[in-house]
Amino acid sequence: MTIVQETIPEALGRDVEAARDWFNQTEEIDFEVTGIVEPEAALDASGTREIRLVLCSGDRCECRSFSVTAKDGSYEVALLDDDPVGEVQGSLPAELDPPPGALRRWLDVVQDRHAFVLLIFYRGYW
């Protein structure tokens, strides 16, 4: 079973930040990291690490894989997945729709804009 963790291991913190910052430079909106897929595999790697992150901004979430290499006090980052939608549909557990914690501030933002909010839960999804 695929392991998805909301808390980023301390040893991967700088690598994850570098990947997120690099990804945000290529996007029109800023994403935050809401989870990491198979963190143990990334921790076991030495040199270049392959890190799979769940990145969210507003109501948009994506799972992306990065190659991260520490080099002379900075990081070299590259995107590994060419077709993130196809990859995500086949390999991640259904609990990532929405990812854990991905919409943790969504309800606060929506409540400020509307008189009421109706949440519908269906088989664990909302």
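I took helices (H or I, at least four residues) and strands (E, at least two) as DSSP runs, numbered from the N terminus.

The model is predicted: local features need pLDDT of at least 70, side-chain atom pairs count only at pLDDT 80 or more, and totals for chains, interfaces and linings use all residues. Side-chain values use heavy atoms, with hydrogens and water left out, and residues are numbered from 1 along each chain as its sequence is written.

**Overall layout**

I counted 4 helices and 5 strands. From the N terminus on, they run β-α-β-α-β-β-β-α-α. Of the 126 residues, 35% are buried (under 20% relative accessible area; exposed is over 50%, partly exposed in between; 1.4 Å probe, protein chains only).

**Buried side of H1**

I listed the buried residues of H1: Gly13, Asp15, Val16, Ala18, Ala19, Phe23 and Asn24. Their cover includes strands S2 (32–37), S3 (48–57), S4 and S5 (74–79). I then looked at Asn24, which is buried at a relative accessible area of 13%. Leaving out residues up to four places away in sequence, Asn24 touches Ile29, Asp30 and Phe31 (contact means heavy atoms within 4.5 Å).

**Aromatic rings**

I paired rings of Phe, Tyr and Trp (its six-membered ring) if their centres lie within 6.5 Å; planes under 30 degrees apart are stacked, over 60 edge-to-face, the rest tilted. This rule gives 3 aromatic pairs. Trp22 and Phe66 are edge-to-face, because their ring centres are 6.2 Å apart and their planes stand at 85°. That pair links distant parts of the chain: Trp22 sits in H1 (residues 13–26) and Phe66 in S4 (residues 60–71), 44 residues apart. Phe66 is buried at 0% relative accessible area. Trp22 is partly exposed at 27%. One aromatic cluster holds Trp22, Phe23, Phe31 and Phe66.

**Surface patch**

Ile120 counts as exposed, at 59% relative accessibility. Together with Phe116 and Leu118, Ile120 makes a nonpolar surface patch of about 400 Å². Patch residues have over 30% relative accessible area and no salt bridge; like charges are joined within 9 Å, nonpolar side chains (Val, Leu, Ile, Met, Phe, Trp, Tyr) within 5 Å. A salt bridge is a side-chain nitrogen of Lys or Arg within 4 Å of a carboxyl oxygen of Asp or Glu. Accessible areas come from the Shrake-Rupley method with a 1.4 Å probe; for residues, only the protein chains shown count as cover.
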